[in-house]
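Please open the structure in your viewer and keep the selection tool at hand.

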Amino acid sequence: QALCPNLESVALVVTWYGNDLRCGECSIKPGVTTRDEAGLSKEWRVSDSTRADAHLLSVFQGGPSFGGTPDDQSVIDAIRDLTARGLKVTLYPFVMMDIPAGNALPNPYGGTGQAAYPWRGEITCHPAAGISGSVDKTAAAGTQVSAFFGAASAPQFSSSGDVVHFSGGADWAYRRFVLHYAKLAAAAGGVDGFLIGSELRGLTRIRSSADAFPAVSALVLLAAEVRVILGSALKLTYSADWSEYFGYHPADASGDVFFNLDPLWDSPHISAIG
């Protein structure tokens, strides 16, 4: 604020980590740089996960590959502090992929071994569209997308003071990730804006039939649930990659053009095209 006295709004980015580009095999969990609590100022906790069962981030060039997920109380404290300063807060749940070099994971784009620390926009069905044997445009693709989003629902979350609990077991999938932060924002007293995702290009283009896009349908449902949790005044959207917000042109010589995100942009719960 001293540097930017006209600052009015802040995007608070909070990251969990994916571990596989195959959407049907990808779990999304909070990550820590160490399991050792010694010398740290307080106990780390995210959802019902402690350091003992969180994702331990991989090592890159002698140190952790990423900075780790802030614990829930830190996020609540940040939201409240920013609000007290008169700033508008947009909470931005963010996925990064902790896939180190030298892995032996099947690659949805062909072969064995996925790219090191890839972009979340590369999460897709296995095999991917355009690859021999692809499940794109089949029911199997829809099944894989369903596994990525998981089965978490708003009634499975409860709050006790500033602590958000989840009763759905080990469902480390996308819906749990987003709904957890919606509930956490509510526990903090609310936010002005919320993103239900960003740059999931490889998912939003998956088809379960000739013209059905199951990931887009899943985002529409997720937007509706976040809206219920955080209220009608919330500015809510999805932050599309520049290459996906306007439509999908399959690289299959069909000449097809799909405005695949239109059902999301048209949702009454979405405040803006992102």
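**Stop 1: the whole chain.** Display the entire protein chain as a cartoon; please note that this is a predicted model. The protein chain contains six helices and 13 strands. Its radius of gyration is 19 Å, close to the 19 Å that the globule rule gives for 274 residues, so the chain is as compact as a globular protein of that length. Along the principal axes, the C-alpha atoms fill a box of roughly 55 × 45 × 40 Å.

**Stop 2: the interior.** Of the 274 residues, 47% count as buried. Among the contacts with a separation of 6 or more in the protein chain, 67% are accounted for by residues 24 or more positions apart.

**Stop 3: helix 1 and helix 3.** Select residues 72-84, which form helix 1, and residues 174-187, which form helix 3. Two packed helices are described by the distance between their axes and the angle between them. Here the axes come within 9 Å and cross at roughly 50 degrees, which makes helix 1 oblique to helix 3. The crossing of helix 1 past helix 3 is right-handed.

**Stop 4: the side chains in contact.** Which residues make the contact between helix 1 and helix 3? On helix 1, show Asp72, Val75, Ile76, Ile79 and Arg80. On helix 3, show His180, Tyr181, Leu184, Ala185 and Ala187. Coloured by class, this contact of helix 1 with helix 3 has seven nonpolar, one polar and two charged residues.

How values were computed
Residues are numbered from 1 along each chain as its sequence is written. This is a predicted model: local features need pLDDT of at least 70, side-chain atom pairs count only at pLDDT 80 or more; totals for chains, interfaces and linings use all residues. Side-chain values use heavy atoms; hydrogens and water are left out. Axes are lines fitted to C-alpha atoms, for helices over the stretch in contact, and angles run from 0 to 180 degrees between N-to-C directions. Helices (H or I, at least four residues) and strands (E, at least two) are DSSP runs, numbered from the N terminus. Angles under 35 degrees count as roughly parallel, over 145 as roughly antiparallel, 65 to 115 as roughly perpendicular and the rest as oblique. A crossing is left-handed if the near helix is turned anticlockwise from the far one by less than a right angle, and right-handed if clockwise. Contact means heavy atoms within 4.5 Å. Ala, Val, Leu, Ile, Met, Phe, Trp, Tyr, Cys and Pro count as nonpolar, Asp, Glu, Lys and Arg as charged, and the others, Gly among them, as polar. The radius of gyration is taken over C-alpha atoms; the globule rule is 2.2 Å times the number of residues to the power 0.38. Buried means under 20% relative accessible area, exposed over 50%, partly exposed in between (1.4 Å probe, protein chains only).
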